[in-house]
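Please keep the sequence and the structure in view while reading.

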Amino acid sequence: MKATTSSATDIRPRSTVDRYLARQRRQRWLIAVTTVATLTTLLIDIATGPGPYPLSAVLHALVLPGEVPRILQVVVWDVRLPVALMAIVVGASLAIAGAEMQTLLNNPLADPFTLGISSAASFGAALAIVLGLGIVPLAGTLLVTGNAFALAMLASLMIWGLSRLRGVSIQTMVLMGIAIMFFFNALLGVLQYVASAQSLQQLVFWSLGSLSKASWTKVGLAMLALLVTLPVFARSHWRLTALRLGDVQAKAMGIDVGRLRLRMLLCCALLSATAVAFVGTIGFVGLVGPHIARLLVGEDQRVFLPMSALTGALILSLTSILSKTLVPGILLPVGILTALIGLPFFVSLILRSRRELWG
Amino acid sequence: MTLTIDRLDCRLGNRRILHGLSGLRARAGEITALIGPNGAGKSTLLKAVAGIEKASGDIVLENRAIGTLSIEQRAGRLYYLPQEIGSRAALNVFEAVLLARRTQVAESPAEAMDAVDQALCSLELDSLAERELAVLSGGQRQRVAIAQAIVRQPRLLMLDEPTSALDLHHQLQVLDYLQRLARRKQLVVVIAIHDLNLAARFADHIWILQSGEHIASGAPGEVLTTERLRQVYAITAHVEWPVDEPPRVTPLAAIRQLGSNNGIA
């Protein structure tokens with residue numbers, strides 16, 4: 001190993017280890033800054049909304065709920081906080097699912113939305129909303145979630161099953177995902193066609209993506225999905241990073257690529273299904289979040305995974321604020337805003353930089 | 001004798017690629033060159049030994065049958081450097097080599113980083129440590145892939161055309177380095193290579209494959225003959241045996257010319 005720079009007179013170049021450690025410090029700083037930014041938007045999101053409550057009163061209600069009027073306590077703790085936390089949890093879930101799908105399928109366009117997993121989950125949820133049909137024996141809110149999860153898993157298994165066939169390229173898997181999206185969208189169309197006016201309204205509102213129906217139970221369940229999957233992703237961080245070197249090189253490093261893909265796709269399905277079941281279809285967060293994270297810290301999963309989660313959470317939290325402030329007095333569905341903001345941003349992102357990353 | 005391969009059969013779909021290869025021997029501390037025309041089964045043979053392609057037969061490394069071991073278990077003893085190394089991952093050179101180390105050796109992060117530093121310095125890649133893989137030239141990427149291979153400290157190192165994208169200077173430098181590494185660490189090194197002069201210059205032993213069959217093996221001076229090159233590659237070639245030097249192969253002409261069937265030639 002080369003000697004490190006130790007004094008003003010010593011002008012030997014820094015060793016590769018020193019330079020790598022400096023990069024790691026920069027990456028940790030970026031993660032810390034993004035964490036602070038996300039927490040700040042969370043607070044702003046809680047402080048934003050109808051009602052004459054200044055930020056100081058909202059903060060007071062957050063820290064000492066017993067000391068503020070009951071009405072403010074209810075507004076902050078029962079209405080705004082679940083919505084704001086849901087934006088954070090769902091944003092993180094979608095971005096993690098997108099990041100890992102892009103890694104698993106070696107494709108920049110892979111995310112729960114473009115691969116049809118969101119569409120499958122939407123169809124499952126629509127079965128519950130329109131027909132009251134349950135794929136799994138659950139009731140109430142859980143019926144919608146259970147259905148969404150079951151269908152998301154089915155779509156993921158279809159993509160994975162295809163990946164096991166000899167001669168099937170990753171590109172074919174992505175195309176298969178797009179076919180799955182169209183298939184479930186068509187089935188969703190059938191349900192919309194036969195739905196009653198009330199169910200149709202509920203379905204359309206749900207499919208536009210909205211955080212407004214968030215509750216503590218839903219936040220808890222979405223958080224649970226994150227807590228279950230995050231350790232699985234984190235434990236496989238080296239293997240997931242190795243996948244980006246290509247299947248053959250990953251196998252040469254002793255990685256059972258097929259098993260890894262199955263396990264991780266199931267985790268992605270759980271995250272996307274939970275997110276879609278609770279807040280409807282929210283596109284582009286799963287695409288844009290990981291791309292920003294990749295630009296900032298690269299693809300070492302030890303930093304790429306938390307950074308993707310943070311950028312996803314930050315984007316959806318900002319969108320939640322915008323949805324309340326863009327048109328005064330009207331709450332816009334966040335799904336519409338993420339699409340409107342995300343699309344041009346994503347196109348410019350692709351055109352401007354990293355053109356070389358995906359060949 | 002450290003690596004022996006017998007009765008090795010491999011199918012890809014319905015196609016039989018390796019036809020019961022037997023009698024392949026590679027010794028520790030030596031370079032074994034694997035040569036043969038396109039489609040001879042060189043890459044498939046190396047992948048079969050690494051467990052990347054399913055195969056049947058006897059593969060013995062250091063008196064231990066490895067043919068039945070899983071891909072994870074094999075990766076603890078050997079490493080296969082593939083031909084396709086065009087990764088565009090957003091990783092820099094240091095991270096890519098560290099990744100190769102951390103998927104193999106359980107040790108402290110500091111020890112892993114020191115090992116990476118040594119591997120990069122030994123291949124003169126230290127100045128590129130912060131460069132992203134996506135912006136490297138083909139030759140630089142190939143040297144990074146070799147650094148990824150050696151940092152894992154395998155007992156058997158199999159390299160699939162490791163010098164195909166390198167300029168003359170780096171070809172000689174890398175093969176010389178691999179030769180010294182094999183001698184010093186007593187590694188079994190098998191290199192699939194197209195350049196017969198490089199094979200003759202650096203290999204102690206040569207395996208020749210053709211259409212998935214083992215045609216010949218032995219010292220370069222024994223197997224690189226005019227008649228064998230005509231039989232395997234369908235070329236006329238001039239082979240010289242200078243005293244105390246490896247054989248020199250000068251390809252003269254392809255026996256079958258392109259376009260000869262439709263009168264272009």
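## Contact between chain A and chain B

Between chain A and chain B there are ten residue pairs in polar contact, with both residues of each pair at pLDDT 80 or more. On the chain A side, α1, α9 (237–243) and α10 (247–252) each supply at least two of the residues that touch chain B. The most comes from α1(A), which gives seven residues to that side. The model is a predicted one.

The count of salt bridges between chain A and chain B is three. One of them pairs B:E130 with A:R19, and the closest N and O atoms of this salt bridge are 3.3 Å apart.

How many residues does each chain bring to the contact? Chain A brings 35 residues and chain B brings 42 residues. Together the two chains bury an area of about 3,400 Å², and carbon and sulfur atoms give 59% of this area. Of the area that chain A buries against chain B, 19% is supplied by A:T16, A:W238 and A:M253, more than by any other three residues.

## Two domains in chain B

Chain B is divided into two domains. Domain 1 is made of residues 1–77 + 154–223, and domain 2 of residues 86–151. Taken over C-alpha atoms, the centres of domain 1 and domain 2 of chain B are separated by 23 Å. In the contact between them, 17 residues of domain 1 of chain B meet eleven residues of domain 2 of chain B.

The area buried between domain 1 and domain 2 of chain B is about 1,000 Å², and 61% of it is given by carbon and sulfur atoms. Salt bridges between domain 1 and domain 2 of chain B number zero, while seven residue pairs are in polar contact across this interface, both residues being at pLDDT 80 or more. On the side of domain 1 of chain B that touches domain 2 of chain B, β8 (156–160) and α6 (168–185) of chain B each supply at least two residues. With six residues, α6(B) gives the most to that side.

## Helix α2 of chain A

Which residues of helix α2 (residues 55–63) of chain A are buried? They are A:A57, A:V58, A:A61 and A:L62. These residues lie on the same side of α2(A) because they cover an arc of only 140 degrees around the axis.

The cover over the buried residues of α2(A) includes α1 (16–47) and α3 (70–105) of chain A. On the face of α2(A) turned away from its buried side are the exposed residues A:S56 and A:V63.

## Two buried residues in helices of chain A

A:S320 is placed in helix α13 (residues 301–325) of chain A. Is A:S320 buried or exposed? It counts as buried, because its relative accessibility is 2% and the cut-off for buried is under 20%. The side chain of A:S320 makes a polar contact with the side chain of A:D45, at 2.9 Å. Apart from neighbours within four places in sequence, the residues in contact with A:S320 are A:D45, A:V83, A:A87, A:L211 and A:V334.

A:A128 is placed in helix α4 of chain A, and at 9% relative accessibility A:A128 also counts as buried. Not counting residues up to four places away in sequence, A:A128 touches A:L133, A:L143, A:V144 and A:N147. One of these, A:L143, is 15 residues from A:A128 in sequence, and the C-alpha atoms of the two are 6.4 Å apart in space.

## Positive phi in two loop residues

Most residues other than glycine have a negative phi. A:N106 is not a glycine, yet it has a positive phi of about 50 degrees. A:N106 sits in the loop between α3 and α4 (117–131) of chain A. With a relative accessible area of 33%, A:N106 is partly exposed.

B:E124 is a residue other than glycine with a positive phi, near 55 degrees. Where is B:E124? B:E124 lies in the loop between α4 (109–122) and α5 (138–151) of chain B. The relative accessible area of B:E124 is 47%, so B:E124 is partly exposed.

How values were computed. Residues numbered from 1 in each chain as written. Chains lettered and ligands numbered in written order. Predicted model: local features only at pLDDT ≥ 70, side-chain atom pairs only at ≥ 80, totals over all residues. Heavy atoms only, no water. Buried < 20%, exposed > 50% of the residue type's maximum accessible area, 1.4 Å probe, protein only. Helix = DSSP H or I, 4+ residues; strand = E, 2+ residues; numbered from the N terminus. Arc of directions from axis to C-beta. Contact = heavy atoms within 4.5 Å. Domains from an automatic or database assignment. Buried area = accessible area lost by both parts, 1.4 Å probe. Salt bridge = Lys/Arg side-chain N within 4 Å of Asp/Glu carboxyl O. Polar contact = N/O pair within 3.5 Å; in protein donor to acceptor, adjacent residues only side chain to side chain.
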